[in-house]
Amino acid sequence: MSDMDEMEDGSGVVKKFMFLNRKAPHGTVYALEGLEVVLITAAFDQDVSLVFTDDGIYQLMKGIDTKGIEVKDFSKTYRALEGYDIEKLYVDRSSMEARGLTEDDLIVDVSVLSDDEMKNLMDEQDVVISF
Amino acid sequence: MQFGILVNEGPYNHQASDSAYLFARTAIEKGHKVPRIFFYHDGVNNSTRMGEPPQDDRNVTTRWSKLAEEHGIDLVVCVAAALRRGIKDELLAPGFRISGLGQLVEMGIQYDRLVTFGD
């Protein structure tokens with residue numbers, strides 16, 4: 001297969017995709033539908049990084065219970081990300097601290113990055129999609 | 001340069017789809033390529049031909065259809081987001097088609113830039 005053929009169907013090309021999760025898990029659909037894109041991107045064997053920043057930190061908070069608002073609780077999916085080979089999870093330190101949270105409040109293991117570290121990680125990406 | 005465009009908001013209640021349209025049109029005018037535009041979240045509402053805005057206002061959907069026809073742009077609407085919001089094949093305006101999120105990922109893999117419009 002030539003390089004051109006590979007480009008046309010995407011197979012064989014691996015790019016670095018970063019997904020910026022910036023919004024609270026409920027109240028809008030962005031987090032839920034954003035997660036769908038993350039899973040599909042992993043299914044295309046791309047290099048996926050997930051960043052949780054701003055109110056997006058709340059997506060990873062322990063003890064979410066959506067019964068009262070009668071919407072689907074999809075937080076279990078974050079625990080299953082390893083099964084999709086998605087292991088690069090990053091949290092923005094200043095966003096986390098501004099909300100009075102620590103790593104112990106989160107349902108998965110993450111790397112906590114400073115603003116500078118986050119900037120450098122973002123610089124390395126080919127594609128950044130923000131939800 | 002090849003631009004992929006992702007539209008994440010519906011028409012009229014948000015500037016995003018207007019901005020995306022103006023960006024796409026300008027990019028093409030300046031000699032760039034916009035092979036595909038992907039509609040996600042409430043962005044899927046850009047695709048329905050059922051809208052009837054007042055005559056003295058722009059028709060966002062018609063504008064997309066015209067741009068697509070003139071420049072051979074593939075207007076793709078996410079199937080899951082569309083079905084959730086009652087958008088089906090029989091409601092689509094000319095130039096739009098319903099397909100999967102894989103079409104969005106392909107844009108990221110194949111094009112030079114992927115530009116997102118929405119909050």
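I take two strands as paired if DSSP finds at least two bridges between them. I note that the model is predicted.

**Sheet of chain A**

I looked up strand 1 (residues 16–21) and strand 2 (residues 47–52) of chain A, and found them paired in the parallel sense over six bridges. Within this pairing I located Met18(A), which stands opposite Ser49(A) in strand 2 of chain A.

I then traced the whole sheet: five strands of chain A form an open sheet with parallel pairing, in the order 4-3-2-1-5. At its edges I find strand 4 (111–113) and strand 5 (127–130) of chain A, each with a single partner strand, so one side of each is left without a neighbour in the sheet.

**Contact of chain A with chain B**

I turned next to the interface, to which chain A contributes 24 residues and chain B 20 residues. The two chains bury about 1,800 Å² between them, and 61% of this lies on carbon and sulfur atoms.

Between chain A and chain B I find two salt bridges; one joins the side chains of Glu33(A) and Arg84(B) at 2.5 Å, N to O. Ten residue pairs are in polar contact between chain A and chain B, both residues at pLDDT 80 or more.

Which elements give two or more residues to the side of chain A that touches chain B? I find helix 1 (3–9), helix 2 (30–43) and strand 5 of chain A. Helix 2 of chain A gives the most, with eight residues. By type, I sort the residues of this side of chain A into twelve nonpolar, five polar and seven charged.

Definitions and conventions
Residues are numbered from 1 along each chain as its sequence is written. Chains are lettered from A and ligands numbered from 1 in the order in which they are written. This is a predicted model: local features need pLDDT of at least 70, side-chain atom pairs count only at pLDDT 80 or more; totals for chains, interfaces and linings use all residues. Side-chain values use heavy atoms; hydrogens and water are left out. Helices (H or I, at least four residues) and strands (E, at least two) are DSSP runs, numbered from the N terminus. Contact means heavy atoms within 4.5 Å. Buried area is the accessible area (1.4 Å probe) that two parts lose on being put together, summed over both. A salt bridge is a side-chain nitrogen of Lys or Arg within 4 Å of a carboxyl oxygen of Asp or Glu. A polar contact is a pair of N or O atoms within 3.5 Å; within protein, one must be able to donate a hydrogen and the other to accept it, and residues adjacent in sequence count only if both atoms are side-chain atoms. Ala, Val, Leu, Ile, Met, Phe, Trp, Tyr, Cys and Pro count as nonpolar, Asp, Glu, Lys and Arg as charged, and the others, Gly among them, as polar.
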